[in-house]
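This note sets out several points for a student reading the structure for the first time. Please keep the sequence and the model in view while going through them.

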Amino acid sequence: MTQKDAAFHIERLLKFALKKGLIEELDVIPSRNALMDLFKIEKPYEGEVPEEELDTPSPILNKLLDYAVEIGLIEDTVTYRDLMDARIMGLLMPRESEVVRKFNEIASKDGIEKATEYFYELSKASNYIRMDRTSQNLYWRTPTEYGALEITINLSKPEKDPKEIEKAKKIPQSGYPKCLLCIENVGFAGNLNHPARQNLRIIPVKVAGEQWYFQYSPYVYYNEHCILLHEEHIPMKISEKTFVRLFDFIDQFPHYFMGSNADLPIVGGSILVHEHFQGGRHTFPMEEAPIEEYFIHPKYKEVKAGILKWPMSVIRLSSKDREKLTKLSSHILNVWKGYSDESVDVLAYSEKDGKIVPHNTITPIARFNKEGEYEIDLVLRNNRTTDKYPYGIFHPHEELHHIKKENIGLIEVMGLAVLPGRLKFELEEIRKILTGKEKFNKDMYDENHPLYKHLHWIEELIVKYGTHCTEEEAENYIKQEVGNKFLQVLLDAGVFKRDEKGKKAFEKFMETAGFKKLS
């Protein structure tokens, strides 16, 4: 690629940035100069630049990244290209203060919904949200007795080159930013161990009298997948303050739900070291689940309560009275933290090395329901392990690890499976077996074979469906069976099982918390 070609792609990118509102007319010249300096280009392109309708800058960026590799600016690996990608877009971003000012102006004039729409579009146009990658994720819905579960195979996070992994090990850890959620990520150049964030902007939000910041997830798993993070790098903790914060946020952003991962290992999210919430604009299967048993608490008669018909153990509360709802949620949390029922393997505490280790916590999700009431789902969690279940008693059991081994966090709890990218290839290979294009052979019994982990499952599928399926049949069978596996994952994670014994144990907990069952 010549300098002239690269200069042409810079003009394309400037047009895109102008159209998407990243820059204004007065910014074009300094932005062009900054990009020319970055790529060591001596003069701008002077010919015609066609009008384009692009949702994402990726097609243009890929050309410029190829040129950066050609001239030796970067190495040709995914991580180096990503670092340069953010650096390029960072030169086209409005300042943090400008984004916040515009967000607040739109919110004041046209409402918070329009403000989040502006901010979401900005986050996509800046390539902070990688729509080119998230659009590759596989998605389908699987009907079950608990409603249609959502299944995604996550192809949006590229795997690192082994050479990069080796290099990254040798880079000294600066400890700055402390984690991926710290506010110091805004504008950060990144390195092999930490993604670049020159194209990240965040919105300050006062929540429960504290300073929080609102942003979107770079790898959105659902519509307007957002993150609310505390200004300080403090560990996650579920407490009464959690419920106050959740309700305070949805008061300000009533078109979003907001929830929290649990605060204990195994049942918590991937980042427990920084207090944060996740929300967005999506109706999850759990939200549509009905209440199957109704309860009333004598001290909180203003609050409707019930056990949800859901594979995990969920208490749903709703009320117009936010304060009563907060107090009752906190009461349930406190009772659950100290609750044990050995008959169903629930122990609140254990002792390790002379220290008391807590096991019970809650995954809470708040929203406004269709009646305009505050609504909160409290998902009961327990992270005990045993010799039989070293990964967790209430965690996907080992026979499911070929599909899902990772923690069951907030998103999965609500009925959206985020499955590993390796499954795309593996499921395609299994489909070939069901259609007869590939034979089920002894090579697969080698533990290094990519299908080795699926052996027992493949044998079951062959018995059930045979090896003469059409392409469409094989695909539908596999999707249904993966959905069934995810359902079993959720059932494993439920502390009170869906059988009669589990249901009675759940009702016993509700009675302990002071609830009376309504007939």
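How are α1 and α3 oriented to each other, roughly parallel or roughly antiparallel?

1. The model is predicted, and local features need pLDDT of at least 70, side-chain atom pairs count only at pLDDT 80 or more, while totals for chains, interfaces and linings use all residues. Residues are numbered from 1 along each chain as its sequence is written, and side-chain values use heavy atoms, with hydrogens and water left out.

2. Helix α1 (residues 3–19) and helix α3 (residues 58–70) cross at roughly 150°, and their axes come within 9 Å. Helices (H or I, at least four residues) and strands (E, at least two) are DSSP runs, numbered from the N terminus. Axes are lines fitted to C-alpha atoms, for helices over the stretch in contact, and angles run from 0 to 180 degrees between N-to-C directions. The two helices, α1 and α3, are therefore roughly antiparallel (angles over 145 degrees; under 35 is roughly parallel, 65 to 115 roughly perpendicular, and the rest oblique).

3. The contact (heavy atoms within 4.5 Å) involves residues of α1 including Ala-6, Ile-10, Leu-13 and Phe-16, and residues of α3 including Ile-60, Leu-64 and Tyr-67.

4. Helix α14 (residues 455–465) packs against helix α15 (residues 471–493) at an angle of about 130°, with the axes 12 Å apart. That angle makes α14 oblique to α15. Among the residues in contact are Trp-457 and Leu-461 of α14, together with Tyr-477 and Val-482 of α15.

5. An open sheet of eleven strands shows antiparallel pairing, in the order β3-β4-β5-β7-β6-β13-β14-β10-β9-β8-β16. Two strands pair if DSSP finds at least two bridges between them. The edge strands, β3 (203–207) and β16 (516–517), each pair on one side only. Strand β8 (residues 291–296) pairs with β16 over two bridges in the antiparallel sense, and Ile-296 stands opposite Lys-516 in β16.

6. Helix α11 (residues 322–337) lies across β10 (314–319), β13 and β14, and runs at about 5° to β14.

7. The count of aromatic pairs is 28. Rings of Phe, Tyr and Trp (its six-membered ring) pair if their centres lie within 6.5 Å; planes under 30 degrees apart count as stacked, over 60 as edge-to-face and the rest as tilted. Phe-257 and Phe-284 form an edge-to-face pair, 5.4 Å centre to centre with 85° between the planes. This pair links distant parts of the chain, 27 residues apart: Phe-257 lies in strand β6, and Phe-284 in the loop between β7 and α10 (285–288).
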